[in-house]
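Let's take a walk through a protein model, one stop at a time. Have the sequence and the 3D view ready.

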Amino acid sequence: MTDLAQLKEELVTANRILAHHHVVDSFGHISVRHPTIPGHFLMSRARAPGVLVEEDIMEFTLEGKIVGAEPGKPYSERFIHGAILEARPDAMCVVHNHSPNVVPFTVTGRKMRPIMHMCAPIGTDIPNWDIAHKFGYETNLLVTNMEMGRDLAKTLGHRTVSLMRGHGSVVVGRSIRETVFTSIYMEANAEMLIKALQMGEVEYMHDGEVAANTRGRAGFTWERGWENWCREVSRKYVAQTWDMGPGFSKTDPAG
Ligand SMILES: [Zn+2]
């Protein structure tokens with residue numbers, strides 16, 4: 001199997017996992033940068049993440065133009081992915097979702113911060129992009145062109161996550177597995193945080209604690225999640241050998 005075919009298979013698996021964990025439902029999407037053409041990315045045609053298959057994967061330029069096969073209509077919000085991959089050469093993968101426990105944080109001014117160690121990758125400084133700031137109050141809130149996508153990418157900056165007012169969020173990462181991990185734990189964090197806020201004053205993770213968790217988190221942790229999530233959605237698990245690099249723990253800091 002070629003690298004490209006393997007990547008497409010992994011992208012389908014990621015779609016299934018995100019749907020299973022209610023990060024996406026019939027809507028929301030995940031993209032991955034093309035492995036050999038950095039100015040292109042791969043993403044499904046406009047289809048629900050829980051049902052799409054390898055044949056639905058399309059190739060796009062960062063500006064959202066279709067390259068090659070066109071198995072169907074593309075997602076109208078593909079510009080989110082192209083604009084972020086354009087602005088962030090370090091990013092290999094983008095998840096856009098409307099995950100239900102995250103949305104309340106986009107419309108209330110309540111800050112989204114990690115409250116549990118597994119959720120540390122979302123970071124402590126999470127902006128909330130408001131489409132109306134540049135495009136007014138007559139849009140349908142969807143990111144349907146490059147100008148909107150680039151404005152969102154500007155708000156995201158160097159961070160891992162940005163909320164989107166009245167809409168959802170974007171999550172970026174260095175691999176599909178890392179980005180799926182962060183997306184699942186952002187939704188989990190939001191759900192726990194909503195409960196905690198009802199109980200009283202919340203002590204969020206402190207900056208140093210978030211930094212220590214992020215620093216120590218290795219590919220081993222993502223693999224542990226990925227293997228289990230593949231089982232949950234009946235997809236084949238393919239082990240990935242991670243170059244952990246200096247500073248990464250060889251043990252599992254998730255405990
Ligand atoms: Zn959307």
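Before we look around, one term: a residue is called buried when its relative accessible area is under 20%. Also keep in mind that this is a predicted model.

Start at helix H8, which covers residues 219–232. Its buried residues are Gly219, Thr221, Trp222, Glu223, Gly225, Trp226, Trp229 and Cys230. What do these buried residues of H8 pack against? Their partners are helix H1 (3–20) and helix H6 (176–199).

Now hop over to the zinc ion. Which residues hold on to it? Glu77 coordinates through OE, while His96, His98 and His167 each use NE2, at 2.0 to 2.2 Å. Along the chain, these donors follow the spacing E-x18-H-x1-H-x68-H. Take His96 and His167: they are 71 residues apart and link distant parts of the chain. His96 sits in strand S5 (residues 93–97), whereas His167 is in the loop between strand S7 (161–164) and strand S8 (168–173). Both His96 and His167 are buried. As for geometry, the angles among the 4 donor atoms run from 96 to 139°, and the site is irregular. Why not tetrahedral? Because that label needs all angles to lie between 85 and 135 degrees.

Last stop: Thr61, in strand S3 (residues 57–61). Is Thr61 buried or exposed? Its relative accessibility is 17%, so Thr61 counts as buried. Leaving aside residues up to four places away in sequence, Thr61 touches Gly39, His40, Phe41 and Val67.

Technical notes. Residues are numbered from 1 along each chain as its sequence is written. This is a predicted model: local features need pLDDT of at least 70, side-chain atom pairs count only at pLDDT 80 or more; totals for chains, interfaces and linings use all residues. Side-chain values use heavy atoms; hydrogens and water are left out. Helices (H or I, at least four residues) and strands (E, at least two) are DSSP runs, numbered from the N terminus. Buried means under 20% relative accessible area, exposed over 50%, partly exposed in between (1.4 Å probe, protein chains only). Contact means heavy atoms within 4.5 Å. The expected span of a helix is 1.5 Å times one less than its number of residues. Donors are N, O and S atoms within 2.8 Å of the metal (3.2 Å for Na, K and Ca); water is not among the atoms, so sites may look incomplete. Four donors count as tetrahedral if all angles lie between 85 and 135 degrees; four count as square planar and six as octahedral if opposite donors are over 155 degrees apart and all others between 65 and 115; anything else is irregular.
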